[in-house]
Amino acid sequence: MATTGTAWPDTPLTERLRQEMERSVQRAFRGLELVGAPPPAVGRSPKTAVYRRGTLELVHYHPQTEEVYRIPLLIVMAPTNKGYILDLAPGQSFVEFLLQRGYDVYMIDWNAPTMMERDLKLEDYVLDFIPECIRRMQQHSGETDVNLLGYCAGGMLSVLYQALQVESPVRHLVCLTTPIDFSRMELFRALSDETAFDVDAFVERYGVIPASVISAGFEALRPATKMAGQIKLWDNLWSDPFVKGFRRMERWGDETLPLPGGYFKQTVQLLLRENALFKGTLHVGGRLVDLKKIKIPLLHVVAEYDHIVPAGASAPLIAQVGSKDKEEVVLPGGHVSIAAGAGAVKRAWPRLDQWLEGRSV
């Protein structure tokens, strides 16, 4: 040990000790700062609400270039999640990337459904919400043609819409991690097994399915993830960028949305138990969903390490649609990181831009 007036010898060991002491001090101060700290700012790209109705909200992001592509892009989010996962922070925002590349971006975001909306079903989302938002988007933009991009269950809703609206104004369709074969979502199927779960009684009891139930289903896929995340946070409390990024993602996870009982019941009975979409027996609003009726150009991006919608669950989409111009791209990443992680900046975003740019003029 050094004595008074004597500096530590400059060796790799002493340098590592010095760094660890500094990090320990920073961890302590950061831990105190986080206690009672307000939620981190998210969704900071300027936008305007174009249309609101109950759980539905259509927003338009303000363009960031002097010229924009002619065909506007509508992003459809999953009803369980807030859309700011695609707009976490400057530099970590798919929306910002699109705006800076000259796209005219709209998004169907969702709010928590009220008890008045407990009976909302797939047909409300597919035959009412999406068509109405497209009409509002056409009026707002002044353009008739539309491009559609759906993420996760938002991709599934977009596929259902396009299969049932053959004469729709959608010219091109992009799907991110979109479930088609629900038999491959094995844990979700196990959790919803009819011998262990009475979905009718459950929906009757709650009406609107609590967000805690939805979150528990996702967490069951990787039960140790939350604990591992907290350990990783402690190990990196000294790193300001890591802490900020962690808290943004944590906020998004904590703000999982509840679901209307009608939609939840159909998901369990028709999709998870009967696998009706994959088998070609799904009816929405009394009409058969035939994916072969989708003829427009389609791009499907699959996350190689997706634990929520495994690659096998989304793989059948390309084979089942009737489009001649169709492409599947499998990229490294998980369900969220494929769209919002650091790797997305280098892989998924440029790939989507490459496909969309010539199809947006």
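Q: In this predicted model, in which strand does Asn147 have its place?
A: Happy to start here, with the model being a predicted one. The element that holds Asn147 covers residues 146-151, and this element is strand S5.

Q: Is Asn147 buried or exposed, and what is its relative accessible area?
A: A residue counts as buried under 20% relative accessible area. Asn147 falls under that cut-off, so Asn147 is buried, with a relative accessible area of 1%.

Q: Which side chain makes a polar contact with the side chain of Asn147?
A: Let's look at the partners of Asn147. Its contacts beyond four places in sequence include Ile71, His172, Leu356, Arg359 and Ser360. The Asn147 side chain reaches the backbone oxygen of Arg359 at 3.1 Å. The side-chain partner, at 3.4 Å, is Ser360.

Q: How are helices H3 and H4 oriented to each other?
A: Helix H3 spans residues 122-141 and helix H4 spans residues 153-164, with axes 9 Å apart. Their packing angle is about 80°. Angles of 65 to 115 degrees count as roughly perpendicular, and H3 and H4 are therefore roughly perpendicular.

Q: How far apart in space are Val159 and Val126, C-alpha to C-alpha?
A: Val159 lies in helix H4 and is buried, with a relative accessible area of 1%. In sequence, Val159 and Val126 are 33 residues apart. In space, their C-alpha separation is 9.0 Å.

Key: Residues are numbered from 1 along each chain as its sequence is written. This is a predicted model: local features need pLDDT of at least 70, side-chain atom pairs count only at pLDDT 80 or more; totals for chains, interfaces and linings use all residues. Side-chain values use heavy atoms; hydrogens and water are left out. Axes are lines fitted to C-alpha atoms, for helices over the stretch in contact, and angles run from 0 to 180 degrees between N-to-C directions. Helices (H or I, at least four residues) and strands (E, at least two) are DSSP runs, numbered from the N terminus. Angles under 35 degrees count as roughly parallel, over 145 as roughly antiparallel, 65 to 115 as roughly perpendicular and the rest as oblique. Buried means under 20% relative accessible area, exposed over 50%, partly exposed in between (1.4 Å probe, protein chains only). A polar contact is a pair of N or O atoms within 3.5 Å; within protein, one must be able to donate a hydrogen and the other to accept it, and residues adjacent in sequence count only if both atoms are side-chain atoms. Contact means heavy atoms within 4.5 Å.
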